[in-house]
Amino acid sequence: MKNCCFFLIIFFFLACSNPADNSKQSDKDSSSVTDKKKEESVPGENSCDNNLLFRKGVEIQTTTNNIQGNVTMKSVSRITKVYEEGGMTVSECEMKTAAENGGNEKVTTARYKCDGKHFYMDLASFLSDTKQNTRVETTGLQFPFNVRVGETLPDASNSIVMNRGGKEMKLTSHIKERKVEAKESVTTSAGTFECYRISSIIETDTDIPGMDDKSKEVMKEVKKKMGTNKMIFWYAPGITIIKMEFFMGDKLVTRSEVTGIKK
C-alpha cells in the first residue's frame with residue numbers, strides 16, 4: 001500500500017508531463033508531434049515560457065505498460081491555465097486517465113510552478129481528491145532547466161495522513177539520492193529526445209499510533225525483504241519527463257513514456 005500511494009503520485013505527474021497514444025489527434029493538425037522528428041532540449045536556454053508545461057493549450061499523452069509490456073493505462077493531459085503568483089509562474093494541468101481494462105475515466109487537476117531556473121511539481125495537487133479525514137503533506141519535486149551530469153538533486157517527500165477513529169496513521173514516501181547519471185537519447189512514438197537519466201531511491205515509513213515494539217520490528221523486516229525501491233526518470237529540459245521506470249527491489253514493475261505531444 002505504501003509503495004502504491006507513492007507510485008500513483010509519480011504516475012499522475014508523468015500523465016501531465018508526458019504524452020500518450022496519438023490515435024485521437026487530427027491528421028490536419030500540423031503542430032502535432034507524431035512523425036518522429038527529432039526534438040532536442042538545449043540546456044541553459046530554457047525558461048518558464050519555453051517549457052511545455054507552461055504553455056497554455058499544450059496537450060500531452062502518456063502510455064503506461066506493465067512488466068509484460070502490456071498497456072495498462074493511457075492519459076491525456078492539457079495545460080489549461082498559466083498565471084503569475086507569489087513571484088512564480090504557475091500552470092494548471094487537467095489530466096484525463098483511463099485504465100485499459102475499461103475502468104471509468106478519472107479527471108485530476110495538477111499544478112506546476114517555475115522560478116525561471118527550475119520547475120516544481122506540487123505533489124499535494126495530485127492528491128487533491130483524497131477521501132475525507134485524510135490530508136496530504138508534501139514538498140515540491142524539483143527539476144532544473146540547466147542540468148549537469150554528476151550532480152545530485154534535492155530530496156522530496158510526501159505524506160498521506162489518515163484519521164481513523166480519532167487516531168492518525170501517516171504513510172510517508174521519501175524520494176532520495178536523486179542523481180543525474182548520464183545524458184542519453186530516448187526515442188518514443190513522439191520523437192527522439194536528448195534526455196538526462198535521473199535515478200532516485202524511494203524509502204517509505206509508516207507511523208501508526210499505539211504500535212508496539214514487536215509490530216515495529218516486524219514492519220522493519222518486511223521492508224528489508226522488499227529491497228530498495230527505485231525510480232528512474234529520463235528528463236528533457238524545456239520539454240518534460242520523457243520516460244519513467246519504477247522498480248521494486250531489482251524488479252521492473254512498470255514503465256511510462258511520452259507517446260504524443262500536441263502544441
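Author: Let's start with a definition: rings of Phe, Tyr and Trp (its six-membered ring) pair if their centres lie within 6.5 Å, and planes under 30 degrees apart count as stacked, over 60 as edge-to-face and the rest as tilted. The structure above is a predicted model, where local features need pLDDT of at least 70, side-chain atom pairs count only at pLDDT 80 or more, and totals for chains, interfaces and linings use all residues. Residues are numbered from 1 along each chain as its sequence is written, and side-chain values use heavy atoms, leaving out hydrogens and water.

Reader: Is Y112 buried or exposed? And what about F119, buried or exposed?

Author: Y112 is buried, with a relative accessible area of 0%. F119 also has 0% and is buried. Here buried means under 20% relative accessible area, exposed over 50%, and partly exposed in between (1.4 Å probe, protein chains only).

Reader: Which residues form the aromatic cluster?

Author: One cluster is made of Y112, F119, F143, F145, F233 and Y235.

Reader: Switching topic! How many salt bridges are there in the whole structure?

Author: A search finds 6 of them, a salt bridge being a side-chain nitrogen of Lys or Arg within 4 Å of a carboxyl oxygen of Asp or Glu. One of them joins the side chains of E203 and K176, at 3.3 Å from N to O.

Reader: How accessible is E203, and how accessible is K176?

Author: E203 is partly exposed at 30% relative accessibility. K176, at 27%, is partly exposed as well.

Reader: Where does R197 come in, and which residue does R197 meet at 2.8 Å?

Author: That is E181, whose side chain forms a salt bridge with R197 (2.8 Å, N to O). They are 16 residues apart, with R197 in strand β13 and E181 in strand β12. E181 is partly exposed, at 38% relative accessible area.

Reader: What about R197 and E184, how far apart are the closest N and O atoms?

Author: In that salt bridge they are 2.2 Å apart. This pair again links distant parts of the chain, as R197 is in strand β13 and E184 in strand β12, 13 residues apart. E184 is partly exposed, with 26% relative accessible area.

Reader: Which residues are linked in a network, then?

Author: E181, E184 and R197 are linked in a network of salt bridges.

Reader: Last one: where is K56?

Author: K56 is in the loop between β2 (38–39) and β3 (59–66). With 66% relative accessibility, K56 counts as exposed.

Methods: Helix = DSSP H or I, 4+ residues; strand = E, 2+ residues; numbered from the N terminus.
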